[in-house]
Number of protein chains: 2
Amino acid sequence: MKKTFTLLCAAMLSATFVHAQQDSLMIRKIYDEALVNGKSYESLRYLCKNIGQRISGSANAQKAVEWSKKLMESYGFDKVYLQEVMVPHWVRGAKETAFIIDGKNRIPVPIAALGMTVATPKEGITANVIEVQSLKELETLGEAAIKGKIVFFNRPFDPRFIETGRAYGTAGDQRFMGPAAAAKYGAVGVIVRSLTESLDDYPHTGATLVDKDGKNIPAAAISTKAANKLSAMLKMRKFPAAKFYFKQSCQLLPDVLSYNVVGELTGTAHPNKFITVGGHLDSWDLAEGAHDDGTGVMQSAEVLRVLKAVGYHPKNSIRAVFFMNEENGDKGGIKYAELAAQNKEEHIAAIETDEGGFTPRGFSFSDVSKDFIAKVNSNWKALLEPYEVDQLTIGGAGADIEPMKKTVPGVVLIGFRPDSQRYFDVHHTPNDVFENVNKRELELGDAGMAALIYLIDQHGF
Amino acid sequence: MKKTFTLLCAAMLSATFVHAQQDSLMIRKIYDEALVNGKSYESLRYLCKNIGQRISGSANAQKAVEWSKKLMESYGFDKVYLQEVMVPHWVRGAKETAFIIDGKNRIPVPIAALGMTVATPKEGITANVIEVQSLKELETLGEAAIKGKIVFFNRPFDPRFIETGRAYGTAGDQRFMGPAAAAKYGAVGVIVRSLTESLDDYPHTGATLVDKDGKNIPAAAISTKAANKLSAMLKMRKFPAAKFYFKQSCQLLPDVLSYNVVGELTGTAHPNKFITVGGHLDSWDLAEGAHDDGTGVMQSAEVLRVLKAVGYHPKNSIRAVFFMNEENGDKGGIKYAELAAQNKEEHIAAIETDEGGFTPRGFSFSDVSKDFIAKVNSNWKALLEPYEVDQLTIGGAGADIEPMKKTVPGVVLIGFRPDSQRYFDVHHTPNDVFENVNKRELELGDAGMAALIYLIDQHGF
C-alpha cells in the first residue's frame, strides 16, 4: 500500500512536472510570436492615424467598427461578428473658450467641455468663482455661498499613491459627480481641475454624470497649469474678485446604432464556454485614443492571433471583444453581458485591458477570496515571473466587463495591469497619440494576456 | 526554562515586529518626501537644458562638475568634494557623412563615429562592403574575403529577451570588439548596426575598443533603418556591388584633468563605513545624456537629500558619487575604487543607477550566493512590495562600481533595475533628452534606492 502510494505520488508529481514544463514551453512560444511577429503595433498605427478619434455615435466610430471587423477576419478567426448596441451621441461642437477676468484683463485658459455635459448660453457664462476642494466642502458651503457662481473643483492628484490609478480614483469624484452636485446648490457652471498629476496645458476631458431628474449645468475641465493660475488669482484678488468666463456648445443628439466587434477562436472541447479578452473601441474626441483604448483593442485581437499562430487549439472558446461606448455610457459592455445571459453562455473568465499599453506588471482579480488568489499565485506565479507579469492580486477589473458580474454567474473578472506611471499624462487629451506608445511595451502586454488565457484555458481555476 | 524561552521568543518576535513596523513607516516617509517634494526632476532639467552634453574632457563636463558640486552643497550634505581623475579627451569633429553608392546614385545615410575611434582620411573612404552577422563569421571569412573592404556588422537586437539589456549584451560585441577584429583581417573601415530594437533614423554611438598594439580603423554606427536599406541593396546589387562611402574626422586628444563629484552624509556610529550610490556624470556628445546618465546622478544626490529631509541620521556614511568617464574609459570608477582602498575605507555596499530613469522594478546583486539573495528577499521583499520595487535578484551591478570588487573586499555591489523597455530607443542618440524622462518614474527610483540604503544602513546584510 505504502509503495503504491509512493508510486502514485511520484506519478502525480511527474505529471505536474510535465504540465509545468509544457506550460513553460507554450508561454515561451507565445512570447516569441508576439515579440518577433507582433502585429498589434502596426494595427494600432492604422487605427490612430487612418481613423483617429472615434467617439461613440460618430462617423469615425462606425469606420473603426468596420475596419476592426475586417482586421479580425484577415486574422482568420473562427467567427467574427458584430453585436448591435444603441449608444449616446454627444458632440463637443465648436472649440470652447474661457478667460479669467481680472479687472480689465482677460487671460485665456485652456478648457474642454466634460463628456455628456450641456452647452452654455450662446454668449457664454460670466460669474464669480468659488474654489472648493471636495464635494464635502461644497455641501458645507451650501446654497448661500454657491448660488449664481461657477464652482471650481481644484483638489489635485495625490502624488503619494504608487499606482496612479488610485490617485485618479480618489480625485475623480470631482469630475464625475461635482457638476451635478453643484447644480443642486444653484451654481451656474463648473470648472474641474484636470485629472492628472502632470503640470501641463491640456485640459483632460472625461464623462460627467448627467442628472436625469435634476438641472444640468455646463461643466468643463481646465488644464492643471491654468487651474493653478486661477487658484492663485482667486487668493490674490479678493476685491474685486477675479471672475471666470466660458463658452461651450456641446450637444446630446439622439442615440445611434453602433456595435461591439467580436472575434472568436472556437473551443475544441467546450465551444459554449468562454474566456473573453477585451478593451473599448470608442475614444474621446480630442485625440487618437492610443492608450485609451486603442492599445486595449489591438491587444485583444493580438491575443487570439498569437494563440492561433503558435498552433494552439483552445479547449474553450476564446473571444476578443472590442466594446463600444466605454467612455460615456458603457452601453457596449452592458449589451455584451445581456447577450451572454440570453444565449446561456458559460463564461470562465473575462480580462479587460483599459489601463494603457505600458509594460505589464500583472493582473488583478475582482472580488475573489484570499484563498483563490493564493491558489492562482501558487499555480502560475512562477510561470509568469520570467516575463515580469507576475503581480497577481485582488483588485478591480474594468468597466466593460463589470456588467457580466450580474448576468453571468461564476465568471472571474480580471484586469490587465500595466505600469501606471505615464497613463494620466496623456489620458483624455490630445496627447494620447500613437507616438506615445512603445512597441515592446505593447507587445509584452499582448503576450502576457495570451499566456494567462492559455493557462486558464488549460487548467481553469 | 520553557517559560523563559517562550517569553524570550515573544520578546524577539515583538522586537522584529517593531523593527518591521519602524522600517515600514520610514520607507513610507521616504516615498512621501520623494513624490511630494522631489528635486531630481528639476535638477535634471537644469543639467540637460542648461549644460547639455558633457563628454569626458569637454568644457561642458567641467561645467557639470562645478554645478554638481554646488547642487550638493546647496542640499547641505556633511561633505561635498571632488576627486581628481585624468580622463580621455575624444572629440567627434565635423559631422560625419556617409553614402551608399549604387551605380551613379549616392544615397545619404545617417552614421555617427563610434567613441574612441579614428578619423578617415580627409577625402573619406570608399570601398566594397561585406556584411557579417558576428565576430565568428568574420573569423570564418578571414583575410581573403575582408581585406580592403568595409565590414558591416548587421546582427540585429534579439527581440525575444524580456529585458532589453540582455539583447544589448548579446549584440554589443559587434560594436565594442568588431572594429578591432576587422582591422586584423585588413578591413579599411567598419559600419555597425545601431544597438537598438527600434527602427529609426538615429545612429546610436558608443565606445569601441582601441587596440593599443594593433591597427585602428575608422568605425561608425549606422541607423537601423539605413542598415536595413544597406543590407537589402547588398543582396540586390551583386554586380556591380553597391559600395559605401564615409568620412569622419574624430580625434583623441591628450588626457584631461577631471573629477568625480562626491557628497556625503556622515555616519553617526561608523563614519568610516560607507554605502555608496552613484551614476555617471559624463554623457555622449550627441545629446543631453538624460537617461544616460543624468537621471542616475540626479537620483544619487536625491537619495541623500531625501534621507536628510526625513530626518534620518544614518549609522554609516552614505555617499552620492557622480562618476566621471563611464562612457569611454571608466576612469572615474577606477579612481574611486583606488582611493577607497588607499584610504582604508570599509564599504558595505555600492549601488549603481545607470539603466535609465524609468519605473523601478528592483535591484540585482552582483556575485552573491543563492543563500544571500534568499535572505535579502526574506528580510526585505515584503517591505518593498507595496512600492513595486521588490525584484531582488542575482545579476550585474554597473561599470562605475565594478572596480571596487578588486580593491574593497566585502563590498556588495548592487544594480538599480528600472523597467528596460524604452532605454535603447534613446540610448546614445540625440533623442536622449529631458523630455523623454517622466517625473514620477524618476522619483520612484529616487525613493526606491533611498529605501534600500536605509534598510542596509539599519540592518546590514
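Predicted model: local features only at pLDDT ≥ 70, side-chain atom pairs only at ≥ 80, totals over all residues.
**View 1. A:Gln174 sits in helix H6 of chain A.** Is A:Gln174 buried or exposed? With a relative accessibility of 0%, A:Gln174 counts as buried, since the cut-off for that label is under 20%. Its side chain reaches the backbone oxygen of A:Ala171 at 3.2 Å. Leaving aside residues up to four places away in sequence, A:Gln174 touches A:Gln133, A:Phe153, A:Asn154, A:Arg155, A:Pro179 and A:Val192.

**View 2. Eight strands of chain B make an open sheet.** Reading across, the order is S1-S10-S12-S11-S13-S16-S14-S15, and the pairing is mixed. Strand S1 (79-91) and strand S15 (391-394) of chain B are the edges, each pairing on one side only. On average, neighbouring strands of this sheet are turned by 25° against each other if you ignore direction.

**View 3. Here we zoom in on S11 and S13 of chain B.** In general, strands of a sheet pair through backbone hydrogen bonds, either parallel or antiparallel. Which sense do S11 and S13 of chain B take? Strand S11 (residues 270-280) and strand S13 (residues 346-352) of chain B go parallel, with six bridges between them. One spot to look for is B:Val277, whose bridge partner in S13(B) is B:Ile351.

**View 4. Two helices of chain B lie across strands of the sheet.** Helix H11 (residues 370-384) of chain B lies across strand S14 (360-365), S15 and strand S16 (412-418), and runs at about 170° to S15(B). Helix H14 (residues 439-459) of chain B covers another set: S11, strand S12 (316-323), S13, S14 and S16 of chain B. Against S14(B), helix H14 of chain B runs at about 40°.

**View 5. Chain A meets chain B.** How many residues does the contact take from each chain? It's 28 residues from chain A and 28 residues from chain B. About 2600 Å² is buried between chain A and chain B, with carbon and sulfur atoms giving 44% of that area. On the chain A side, A:Ile162, A:Glu388 and A:Arg440 supply 27% of the area that chain A buries against chain B, more than any other three residues.

**View 6. Chain A can be laid on chain B.**

Terms used. Residues numbered from 1 in each chain as written. Chains lettered and ligands numbered in written order. Heavy atoms only, no water. Pairing = 2+ DSSP bridges. Helix = DSSP H or I, 4+ residues; strand = E, 2+ residues; numbered from the N terminus. Axes fitted to C-alpha atoms, helices over the stretch in contact; angles between N-to-C directions. Contact = heavy atoms within 4.5 Å. Least-squares fit on C-alpha atoms with pLDDT ≥ 70 in both. Buried < 20%, exposed > 50% of the residue type's maximum accessible area, 1.4 Å probe, protein only. Polar contact = N/O pair within 3.5 Å; in protein donor to acceptor, adjacent residues only side chain to side chain. Buried area = accessible area lost by both parts, 1.4 Å probe.
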